[in-house]
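Student: I'd like to learn how to read a model like this one, feature by feature. Can you walk me through it?

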Amino acid sequence: MIERLQELGKEALQEIKEADTVKALDNVRVKYLGKKGPITEVLRGMGKLSAEERPKVGQKANEIREEIQKNIEAKTAELEEIALKEKLKEESIDVTLPGKEIKRGARHPLTAVVEEIEDIFIGLGFQVTEGPEVETDYYNFEALNLPPDHPARDMQDSFYVTNDMLLRTQTSPVQARTMEKHKGQGPVKIVCPGKVYRRDDDDATHSHQFMQIEGLYVDKNVRMSDLKGILEAFVKKYFGPERSIRLRPSFFPFTEPSVEVDVSCGICGGKGCRVCKNSGWIEVLGAGMVHPNVLEFSGFDSNEYSGFAFGMGVERFALLKYGIDDIRHFYTNDIRFLEQFKRA
Ligand SMILES: [Zn+2]
């Protein structure tokens with residue numbers, strides 16, 4: 001019986017040696033140490049042995065079981081280590097490979113234009129001021145010399161939120177609000193950039209939402225020549241020193257007199273071409289001397305103070321600067337369009 005046990009032990013160790021997976025090892029364990037295994041089988045026949053032999057066989061059986069168990073454990077550890085090494089090898093990272101490029105964003109072209117224009121006016125002594133986009137009828141119209149029945153209101157079809165609240169149609173209410181805060185004391189020298197809203201049908205040159213920058217300078221003895229000088233300095237800085245401006249009479253309810261400002265065409269240099277429709281000039285902004293009523297509405301004595309104001313469309317300045325032909329490109333978030341302005 002002891003011989004049979006030793007034989008079984010040998011067979012088991014051989015099979016453990018040959019097992020090359022954890023699963024195969026488990027099969028060996030079940031085969032030799034399980035309840036239906038050969039060792040258990042041998043032990044069942046112990047009843048036939050003498051009282052003297054019985055403990056010897058029992059002891060031998062335990063020894064062999066322990067040996068098998070130990071060998072299986074050792075081999076399991078060995079196999080697990082091999083498996084781990086292989087896994088590490090597969091998952092190893094070559095740190096010398098080039099990395100993935102991080103995609104860098106850029107400022108939106110309209111933001112870039114706003115910041116450039118702001119910088120120019122800061123250099124001319126202006127402060128940047130902002131205001132609410134949902135505005136009262138009073139600040140959007142009345143304080144700017146546009147009483148409820150004024151016909152010029154028709155030029156700015158609006159999005160009303162309530163009867164007397166609307167999405168501002170212009171950035172001018174910021175001018176009215178700022179003047180009011182100054183309580184009749186000059187100087188006020190600001191530029192106000194921001195989004196404005198009008199009920200326009202969207203096309204290549206119109207959008208229901210667009211951006212404006214307005215400027216206001218109120219002080220004692222501000223003259224029309226100051227307006228012309230500031231605008232000329234701005235245009236030369238923005239478009240280039242070779243460009244000049246031209247003022248044409250116009251009408252705005254909040255300025256008197258009012259002018260349209262043209263800049264000389266950058267393509268033909270003023271000779272006339274397709275871009276300037278053969279006129280040599282391109283219209284870029286509206287301006288004028290602040291209407292006395294607007295000064296009085298905001299608490300300034302119009303006998304003591306005077307001022308000028310101007311307003312421009314940011315999109316138009318971006319179109320002209322970058323040669324873009326459709327305003328809708330600015331709002332459609334097409335990455336192919338936006339990526340062209342990485343260095344703008
Ligand atoms: Zn031209």
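Tutor: Phenylalanine 337 has a relative accessible area of 10%, so it is buried. Some ground rules: this is a predicted model, where local features need pLDDT of at least 70 and side-chain atom pairs count only at pLDDT 80 or more, while totals for chains, interfaces and linings use all residues. Residues are numbered from 1 along each chain as its sequence is written, and side-chain values use heavy atoms, with hydrogens and water left out.

Student: How do the rings of phenylalanine 330 and phenylalanine 337 pair?

Tutor: Rings of Phe, Tyr and Trp (its six-membered ring) pair if their centres lie within 6.5 Å; planes under 30 degrees apart are stacked, over 60 edge-to-face, and the rest tilted. That rule gives 19 aromatic pairs here. Take tyrosine 138 and tyrosine 139: with ring centres 5.2 Å apart and planes at 75°, they are edge-to-face. Tyrosine 138 is partly exposed at 29% relative accessibility, whereas tyrosine 139 is buried at 15%. As for your pair, phenylalanine 330 and phenylalanine 337 have centres 6.0 Å apart and planes at 75°, so this one is edge-to-face. Phenylalanine 330 is buried, at 3%.

Student: Which residues form an aromatic cluster?

Tutor: One cluster is made of Phe121, Phe126, Tyr217, Phe234, Tyr238, Phe239, Phe308, Phe310 and Phe317.

Student: And what about the largest nonpolar core: how many residues does it have?

Tutor: A nonpolar core is a set of buried Ala, Val, Leu, Ile, Met, Phe, Trp, Tyr and Cys residues joined through side-chain atoms within 4.5 Å. The largest has 44 residues, and Phe234, Leu285, Phe310 and Phe317 have the most contacts inside it. Among the elements giving two or more residues are helix H5 (109–123), strand E6 (209–219) and helix H8 (224–239); H8 gives the most, 7 residues. Another core, of 22 residues, lies apart from it and includes Leu166 and Phe300.

Student: What does isoleucine 213 touch?

Tutor: Contact means heavy atoms within 4.5 Å. Skipping residues up to four places away in sequence, isoleucine 213 touches Val114, Ile117, Val191 and Phe310, among others. Isoleucine 213 sits in strand E6 and counts as buried, at 1% relative accessibility.

Student: How do I read the helices, say H4?

Tutor: Helices (H or I, at least four residues) and strands (E, at least two) are DSSP runs, numbered from the N terminus. A helix's expected span is 1.5 Å times one less than its number of residues. H4 (residues 53–91) has 39 residues and should span 57 Å; its end C-alpha atoms are 57 Å apart, so the two agree. Its buried residues include Val57, Ile64, Ile68 and Leu79, and their cover includes helix H1 (2–18), helix H2 (22–33) and helix H3 (38–44).

Student: Last one: in what order do the 3 strands of the open sheet come?

Tutor: Strands of a sheet pair through backbone hydrogen bonds, parallel or antiparallel. Two strands count as paired if DSSP finds at least two bridges between them. The order here is E2-E4-E3, with antiparallel pairing. Strands E2 (134–136) and E3 (160–162) are at the edges with a single partner each, so one side of each has no neighbour in the sheet. E2 and E4 (residues 165–167) are joined by 3 bridges, and threonine 136 stands opposite methionine 165 in E4.

Technical notes. Buried means under 20% relative accessible area, exposed over 50%, partly exposed in between (1.4 Å probe, protein chains only).
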